[in-house]
Amino acid sequence: MTDDLLSLSTDEFIAGIDAVASKFDSAAYPQQYLPAEDWALLVRAGVLLPTLPSRYGGRDSHVEMCRVAETAAEWNLALGVYVIVNTALALLPVVKWAGEEAKEEMLPRFGSGEPLMAGLAATEPGAGSALSAMTTTFEEVDGGYRIRGRKHWQALSSSAHWWLVVAKHARRREYGYFIVKREEGFRTVQLYEAVGLKLLDYGVNDVDVVVPRHRRIDAEQKGMTSVDLFLASRSLLAAAGAGFLRRISREAHAYADGRQIGRKQQSKIGFVRYRLADIDASAVICQALNHYLRTELDIKGDMTAAFPAVQALKTVATERIVRAAQSYQQLTGGEGYRCGSPSNIAGQAFLDSRVFTIFDGNNDMLSQQLTAYCLTRRNGRPLSEFLADWPLTAPGVATLKTDLTFLDRPLDQTHQVLAGRAIGYLFAVTQVLKWAEETGAGPGRLWPAVEFLRHDIAGVAAEFRLMASGILDTEGEPVGAGRR
Ligand SMILES: Cc1cc2nc3c(=O)[nH]c(=O)nc-3n(C[C@H](O)[C@H](O)[C@H](O)COP(=O)(O)OP(=O)(O)OC[C@H]3O[C@@H](n4cnc5c(N)ncnc54)[C@H](O)[C@@H]3O)c2cc1C
């Protein structure tokens, strides 16, 4: 069945995905778990194929993985997440790091067009941002490994057939990554009702399985860590953001052009134009980050060196996704607060997008990690000097010519999070400039995006000043009380 899909050019292949994804348009598609037969439509259109190597019937393509996520998210953001979970989060680690025997057992089935699903189980009720607190354990037993514990919030909790489960050794400080079939002992004991992304099922999952030895991914030998595990799906959020924000920008303009407020067209109101410009800037920034993802990264290859770029890309893209969805909802007024409004998808866009700054590594933590990365590489130089030299930010620093010396002070945890945001914005300016140069995008798209990002950096500088006012040093006293 999928043989026909293998001979298509990339554009033809993506056109086929687009045609099927259009049936999932968030303006009309029900807000409920995606039925298995609808997933089958997408699998038959080939959504899994770019992830799979050709010897398992796949198309093996980084660019197509990005384009599939972008296309799906433009029609329905939750569908984009659905695809990313199955491909980059769950299947790709198996493709990249599992042994031959495990691959042979699992991948041909995914390549055959069977509508199978896969998920990743890392998060636990007591271990989310800090996975080191994980209590799911593994131990060696006759013929394999026994894994026991409780996971939660897994996308596709009750529906995925195959799982990649992360566990800690029962006695040693060592992580293990195991391929598990649901029927071996992956039980969903509670379903959560999420506020958005309702196409996916989430819940609490108890794991008690014995798996054969070959189903353990030999992480150390393959040079994989629990950070690597998330880099591909994290980067694909820029692709999803590019598709989603293209649509939000288009729909926000159409709504504002069609709405009369008093005797004025809404889109002629000054502040409405400013909001629309902000949404457009978000769309451009995500497009540029997606361009970087497609042209500079290779999620199918070794991503280790891309760690700082991925942290920056994820935090800036997802912040823009949330911000633009909120602005769009503001513009649509009461109509944007209705479920199933015939005039807009703003309510859904807002609910579906909200979690993007939380999952796949919460943005605050990723920002802190980005600063920590830079601090350990600056060789004693002030951070602003390092950023002026660092290839990921230097062009942005040179173009903005903005004062970054506010970063040159001892950075405690709070300041590291804030500084990480500024570094992310500088990375984004750099990528917007590069995108414009390489695609010929005009100044009308380039410069507003750069200016919005300049303003974001100024906002971080203002937050540094706010911290200097002592707001965190009040030890429980109301702010302002007795401080004059
Ligand atoms: C819709 C959805 C889908 C998900 N899909 C999956 C999945 O498929 N598989 C899976 O295993 N997990 C999944 N998760 C879990 C998700 O990855 C975690 O929710 C996320 O890692 C955050 O962990 P937590 O919820 O325990 O929050 P916590 O760790 O309790 O963090 C809460 C907040 O504390 C703050 N915080 C934490 N650390 C820092 C820091 N260093 N600096 C500053 N602030 C900080 C942040 O504001 C953060 O948002 C999903 C979650 C959701 C909501």
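Student: What should I know about the model before we start?
Tutor: It is predicted: local features need pLDDT of at least 70, side-chain atom pairs count only at pLDDT 80 or more, and totals for chains, interfaces and linings use all residues. Residues are numbered from 1 along each chain as its sequence is written, and side-chain values use heavy atoms, with hydrogens and water left out.

Student: How many residues surround the ligand?
Tutor: 20. The closest are Leu-120, Ala-122, Thr-123, Ser-129 and Gln-413.

Student: Which polar side-chain atom lies 2.6 Å from a ligand nitrogen?
Tutor: One from Thr-123. A polar contact is a pair of N or O atoms within 3.5 Å.

Student: And the ligand oxygens?
Tutor: One oxygen is 2.8 Å from a polar backbone atom of Ala-122. An oxygen is also 3.1 Å from an N or O atom in the Gln-154 side chain.

Student: How much of the ligand does the protein cover?
Tutor: 70% of the 960 Å² of accessible area that the ligand has on its own, by the Shrake-Rupley method with a 1.4 Å probe.

Student: Switching topic, which domains supply the shell?
Tutor: Domain 2 (119-222) and domain 3 (228-468) each give at least three residues. The bounds come from an automatic or database domain assignment.

Definitions and conventions: A residue is near a molecule or strand if one of its heavy atoms lies within 4 Å of it. A polar contact is a pair of N or O atoms within 3.5 Å; within protein, one must be able to donate a hydrogen and the other to accept it, and residues adjacent in sequence count only if both atoms are side-chain atoms.
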